[in-house]
Amino acid sequence: MDDEDVSALVLALMALLVATLPLGWALWILRVECRRDRVPILCYHRFLPRSRAGTDADREMGWVCYDDEFERQMEYLAANGWTTLDLDDYVDIREGRTPAPARGIIVTMDDGYRSNYELAYPVLKRLGMKAVVYVALEPDLHTRRQVEGIDGFLSADQLRSLDADGVSIQSHTLTHSILTELSDEDVRFELSESKKRLEEILGRPVDHFCFPRGGVDRRVRKLAIEAGYQTASGANQGTATALDAAHDLPRIMMERDMGLAEFRRVLTPLHGALTRIMGRLKGISRRLLGARGARRLRDLLHRDFLLPLWRARALRGLIATGLGLYLVGAVFVARTVFSD
């Protein structure tokens with residue numbers, strides 16, 4: 001074999017490596033999502049009565065769920081053998097102290113909106129289901145303005161009522177700040193003060209945390225562990241398994257007006273794999289632009305005239321199509337290399 005043949009072989013092998021590494025990554029993600037210990041963690045935010053659909057209260061691009069759709073979703077879980085868990089249950093299962101149910105699922109809600117109590121809680125209570133609400137006790141001006149005249153925030157009495165009736169209250173910082181933009185001292189204050197004040201309200205330990213607004217990195221995660229939290233959820237997407245770090249639990253973001261057929265798909269391993277891939281792609285923008293810059297980019301792409309394209313279900317379709325084309329290309333490259 002002469003030098004020219006060696007060079008051609010090296011180039012061919014490099015091309016094959018470039019083509020197959022992402023394929024291997026995608027297959028590994030699918031394998032993770034097919035694990036028997038998978039537990040979907042659903043992430044909701046605020047809720048809106050169907051009667052207000054199409055009004056000024058309904059202009060938010062993603063972080064809302066209509067009350068009738070939420071009710072249908074929870075009824076589906078109850079009728080199809082899903083067991084709702086709180087995060088203490090999840091830790092006990094994860095550490096082998098409690099046997100896992102055949103179908104375990106965690107329903108979470110971020111920020112602590114009043115509509116969690118008014119619209120979601122009655123459904124959960126009627127069905128005897130558990131849930132988790134991550135609460136920011138003193139939300140900043142940006143957070144308050146987003147729901148001004150539309151929604152409010154939970155009172156101390158409502159927090160105690162929820163927590164006593166199967167809806168576990170956990171920490172989402174004190175002010176809903178982007179922790180990656182704060183100093184170590186300020187991050188520690190947000191983590192510890194939120195924990196302390198919630199424990200005073202509830203009269204019990206608060207052991208679980210959610211990083212607000214995509215603001216998480218290794219430094220912030222380490223500080224959350226030092227603050228004494230047993231688990232933490234952040235910006236990663238997918239289904240939680242034992243392979244995921246306890247302080248980096250992925251979740252599935254729930255879309256507005258999601259029909260029951262789409263909700264059923266959300267619970268499948270294939271959907272989990274697609275959301276993991278989407279989450280990693282979004283993570284690139286967060287690393288390059290920071291949490292605030294990534295949110296500004298998202299807001300720009302979700303202008304009214306682009307909204308139909310960028311709804312998550314449409315984006316998943318584009319990604320699935322892209323992966324399909326990529327697989328065809330990878331097979332073509334591999335055949336070409338080995339046929340030569």
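This is a predicted model: local features need pLDDT of at least 70, side-chain atom pairs count only at pLDDT 80 or more; totals for chains, interfaces and linings use all residues.
Local features required pLDDT of at least 70 and side-chain atom pairs counted only at pLDDT 80 or more, while totals for chains, interfaces and linings use all residues. Residues are numbered from 1 along each chain as its sequence is written, and side-chain values use heavy atoms, with hydrogens and water left out.

The protein contains 12 helices and 10 strands. These elements are DSSP runs numbered from the N terminus (helices: H or I, at least four residues; strands: E, at least two). Of the 340 residues, 46% count as buried. Buried means under 20% relative accessible area, exposed means over 50%, and partly exposed lies in between (1.4 Å probe, protein chains only). Contacts were also sorted by sequence separation, a contact being heavy atoms within 4.5 Å. Among contacts between residues at least 6 apart in sequence, 70% join residues at least 24 apart.

Axes are lines fitted to C-alpha atoms, for helices over the stretch in contact, and angles run from 0 to 180 degrees between N-to-C directions. Angles under 35 degrees count as roughly parallel, over 145 as roughly antiparallel, 65 to 115 as roughly perpendicular, and the rest as oblique. A crossing is right-handed if the near helix is turned clockwise from the far one by less than a right angle, and left-handed if anticlockwise. For residue classes, Ala, Val, Leu, Ile, Met, Phe, Trp, Tyr, Cys and Pro count as nonpolar, Asp, Glu, Lys and Arg as charged, and the others, Gly among them, as polar.

Helix H2 (residues 67-79) packs on helix H4 (residues 114-127) at an angle of about 25°, and their axes lie 10 Å apart. H2 and H4 are therefore roughly parallel to each other. Their crossing is right-handed. H2 contributes Asp 67, Phe 70, Glu 71, Met 74 and Glu 75 to the contact, and H4 contributes Leu 119, Ala 120, Val 123, Leu 124, Arg 126 and Leu 127. By class, this contact of H2 with H4 has 7 nonpolar, no polar and 4 charged residues.

Arg 126 belongs to helix H4. With a relative accessible area of 48%, Arg 126 is partly exposed. Leaving out residues up to four places away in sequence, Arg 126 touches Glu 71 and Glu 75. The C-alpha atoms of Arg 126 and Glu 75 are separated by 9.9 Å, although the two residues are 51 apart along the chain.

Helix H6 (residues 156-163) and H7 pack at an angle of about 70°, with their axes 9 Å apart. H6 is therefore roughly perpendicular to H7. On the H6 side, Ala 156, Leu 159, Arg 160 and Asp 163 meet Leu 198, Ile 201 and Leu 202 of H7. The contact of H6 with H7 comprises 5 nonpolar, no polar and 2 charged residues.

H7 also packs with H8: the two axes come within 10 Å and cross at roughly 45°. That angle makes H7 oblique to H8. The crossing of H7 and H8 is right-handed. Asp 184, Val 187, Arg 188 and Leu 191 of H7 make the contact with Arg 219, Leu 223, Ala 224 and Glu 226 of H8. The residues of this contact divide into 4 nonpolar, no polar and 4 charged.

Loop residues were considered next. Thr 173 lies in the loop between strand E7 (167-171) and helix H7 (184-202). Its phi is near 75°, a positive value in a residue other than glycine. Thr 173 is buried, at 0% relative accessibility. His 176 is also in the loop between E7 and H7. For His 176, phi is near 65°, a positive value in a residue other than glycine. At 6% relative accessibility, His 176 counts as buried.

Gly 228 sits in the loop between helix H8 (218-226) and strand E9 (231-237). Gly 228 is partly exposed, with a relative accessible area of 38%. Apart from neighbours within four places in sequence, Gly 228 is in contact with Lys 195 and Asp 207. The C-alpha atoms of Gly 228 and Phe 209, 19 residues apart along the chain, are separated by 9.8 Å.

A search of the whole structure for disulfides (pairs of cysteine sulfur atoms within 2.5 Å) found 0. The closest cysteine sulfur to that of Cys 210 is in Cys 43, at 6.4 Å, too far for a bond. Cys 210 is buried, with a relative accessible area of 0%. Cys 65 counts as buried at 2% relative accessibility.
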